[in-house]
Amino acid sequence: MWGPLGLVAARLVAVEFMPGLNAEAEDHALVSAREGENNLQARMATLELCVAAQEGDCGKLRELLDGGGASVVNERTEATNEETGDEVKTTALIQAVICGQHAAVELLLERKASPNLADSDDGTTPLMCAASGGRRGLRILQTLLDRKDIAINDTELEHDATAFH
């Protein structure tokens, strides 16, 4: 995103609005701007993965994962809990599980999404979401339980409960 013109513009802004800025500080400002943009790009990629996972759009998931999204498959993004209105940090896999998108769950797991990565709100894992999903979550629950790396004894923070407790 920072093409040559963007870097020139950032340098001009630094010089114009921060008089007396030395070359080292100017370079630091540019590095910070690049890091901020990289962080924003990663957050946007994570959000796009979550939306595609919620919708069960496996074509879009593949496109995102093949286009660099694989690096953020285990990143959390902010979302609003529809039941409580609270802001939580969640993963694409958790969103696919909650929305009952079995094909998306399988694709994300195939692409190295961690089946044990909990949301940052209360420690809810994909397995816990699947276990509380009723009948529509049974296939997803079985898919998760079939994995050798699933942690069935992880506990939720708020109630200190496992997926089956």
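Me: In this predicted model, is Lys-60 buried, exposed or partly exposed?
Reply: The relative accessibility of Lys-60 is 28%, and since buried means under 20% and exposed means over 50%, a value of this kind falls in between. Lys-60 therefore counts as partly exposed.

Me: How many residues apart in sequence are the parts that the salt bridge of Asp-66 and Arg-111 ties together?
Reply: The side chains of Asp-66 and Arg-111 meet at 2.8 Å, N to O. Asp-66 lies in helix 3, whereas Arg-111 lies in the loop between helix 5 and helix 6, so the pair ties together parts whose separation in sequence is 45 residues.

Me: Which of these two, Asp-66 or Arg-111, is exposed, and which is partly exposed?
Reply: Asp-66 has a relative accessible area of 58% and is exposed. Arg-111, with a relative accessible area of 23%, is partly exposed.

Me: How many salt bridges does a search of the whole structure find?
Reply: Arg-147 is partly exposed at 24% relative accessible area, and Asp-149 is partly exposed at 40%. For the whole structure, the number of salt bridges found is 3.

Me: What is the phi of Lys-112, and where is this residue found?
Reply: Lys-112 follows helix 5 and counts as exposed, with 64% relative accessibility. Its phi is positive although the residue is not a glycine. Lys-112 is found in the loop between helix 5 (102-110) and helix 6 (126-131), and its phi is near 80°.

Me: How far apart are the C-alpha atoms of Thr-125 and Ile-94?
Reply: Thr-125 is found in the loop between helix 5 and helix 6, where it counts as buried, with a relative accessibility of 4%. Along the chain, Thr-125 and Ile-94 are 31 residues apart, yet the separation of their C-alpha atoms is 7.1 Å.

Me: Why do the buried residues of helix 7 line one face of the helix?
Reply: The buried residues of helix 7 (residues 138-145) are Ile-140, Leu-141, Thr-143 and Leu-144. Seen down the helix axis, these buried residues line one face because they fall within an arc of 160°.

Me: Which helices do the buried residues of helix 7 pack against?
Reply: One of the partners is helix 5, whose own buried residues are His-102, Ala-104, Val-105, Leu-107, Leu-108 and Leu-109. Taken together, the partners of the buried residues of helix 7 are helix 4 (92-98), helix 5 and helix 6.

Me: Which residues form a nonpolar patch on the surface?
Reply: One member, Leu-47, has its place in helix 2 (residues 23-55) and is partly exposed, with a relative accessible area of 36%. The members of the patch have about 230 Å² of accessible area together, and they are Met-44, Leu-47 and Val-51.

Me: How many disulfides does the structure hold?
Reply: A disulfide is a covalent bond between the sulfur atoms of two cysteines. Among the residues of the chain, Cys-58 is buried at 15% relative accessible area, and Cys-129 counts as buried at 13% relative accessibility. The number of disulfides in the structure is 0.

Me: What pattern does the protein chain follow along the sequence?
Reply: The secondary structure comes to 7 helices and 2 strands, and of the 165 residues, 35% count as buried. Among the contacts with a separation of 6 or more, 59% are accounted for by residues 24 or more positions apart. Read along the sequence, the pattern is α-α-α-β-β-α-α-α-α.

Note on methods:
Residues numbered from 1 in each chain as written. Predicted model: local features only at pLDDT ≥ 70, side-chain atom pairs only at ≥ 80, totals over all residues. Heavy atoms only, no water. Helix = DSSP H or I, 4+ residues; strand = E, 2+ residues; numbered from the N terminus. Buried < 20%, exposed > 50% of the residue type's maximum accessible area, 1.4 Å probe, protein only. Contact = heavy atoms within 4.5 Å. Arc of directions from axis to C-beta. Patch = residues over 30% accessible without salt bridge, like charges linked within 9 Å, V, L, I, M, F, W, Y side chains within 5 Å. Areas by Shrake-Rupley, 256 points an atom, 1.4 Å probe, with all protein chains shown as cover. Salt bridge = Lys/Arg side-chain N within 4 Å of Asp/Glu carboxyl O. Disulfide = S-S within 2.5 Å.
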